[in-house]
Every structure is written in C-alpha cells, then in structure tokens.
Amino acid sequence: MSATDTPTLYEWAGGREAIDRLTQAFYEHVRRDELGVANSQPGADPPPKAPVSRWGWGEGPPYLPS
C-alpha cells in the first residue's frame with residue numbers, strides 16, 4: 001500500500017459531512033448538560049484559583065493538583 005492509498009484521518013472519519021454531524025451532536029449534548037454552565041451561567045462565582053490540567057506531548061504522569 002502506498003502513501004497515496006492511505007486515507008487521511010479526515011477522509012477516514014467521513015469528511016466534512018461527518019465532522020459537521022459530529023459537531024452538531026456534540027454541542028446538542030453540551031446544551032443539555034446541566035453541569036456545562038456551572039462556571040459560565042449568569043451569577044456564577046467560580047473559584048479564583050481553580051487548578052487547570054497541563055497537557056503536552058510526552059507529559060507524564062497524569063495531572064496531580066499541587
């Protein structure tokens with residue numbers, strides 16, 4: 001099999017139509033998720049120094065709060 005025969009990830013996933021369906025389905029679930037607006041709804045008071053995970057290639061071990 002040559003490199004030209006190998007589909008890209010985009011092609012393998014189904015192209016634009018499939019990505020559009022995936023995006024629509026994902027955000028429909030987000031809109032119905034009661035916890036999805038916990039820190040962004042009107043009147044929310046999120047903690048000022050909430051820990052945030054770091055991500056990067058070759059990072060390890062999993063995130064541990066400091």
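Colleague: Hello! Where does Asn 39 lie?

Modeller: Welcome! This is a predicted model, in which local features need pLDDT of at least 70 and side-chain atom pairs count only at pLDDT 80 or more, while totals for chains, interfaces and linings use all residues. Residues are numbered from 1 along each chain as its sequence is written, and side-chain values use heavy atoms, leaving out hydrogens and water. Helices are DSSP runs (H or I, at least four residues), as are strands (E, at least two), and both are numbered from the N terminus; by that numbering, the place of Asn 39 is in the segment after helix 2.

Colleague: Is Asn 39 buried or exposed?

Modeller: Buried means under 20% relative accessible area and exposed means over 50%, with partly exposed in between (1.4 Å probe, protein chains only). The relative accessibility of Asn 39 is 55%, so this residue counts as exposed.

Colleague: Which residues does Asn 39 touch, not counting those up to four places away in sequence?

Modeller: Contact here means heavy atoms within 4.5 Å. With residues up to four places away in sequence set aside, Asn 39 touches Ala 44 and Pro 46.

Colleague: What share of the residues counts as buried in the protein chain?

Modeller: Accessible areas come from the Shrake-Rupley method with a 1.4 Å probe, and for residues only the protein chains shown count as cover. The protein chain exposes about 6700 Å², of which carbon and sulfur atoms supply 59%. Among its 66 residues, the buried share is 5%.

Colleague: Which residue meets Arg 16 in a salt bridge?

Modeller: A salt bridge needs a side-chain nitrogen of Lys or Arg within 4 Å of a carboxyl oxygen of Asp or Glu, and the whole structure has three. The N to O distance is 3.5 Å, and the partner is Asp 20.

Colleague: Why do the rings of Phe 26 and Tyr 27 count as edge-to-face rather than stacked?

Modeller: Rings of Phe, Tyr and Trp (its six-membered ring) pair if their centres lie within 6.5 Å; planes under 30 degrees apart are stacked, over 60 edge-to-face, and the rest tilted. That rule finds one aromatic pair. The centres of Phe 26 and Tyr 27 are 4.9 Å apart, and the pair is edge-to-face because the planes stand at 85°.

Colleague: Which residues make the nonpolar surface patch of about 300 Å²?

Modeller: Patches are made of residues with over 30% relative accessible area and no salt bridge, joining like charges within 9 Å and nonpolar side chains (Val, Leu, Ile, Met, Phe, Trp, Tyr) within 5 Å. One member, Leu 22, is in helix 2 and counts as exposed at 56%. The patch is made by Tyr 10, Ile 19 and Leu 22.
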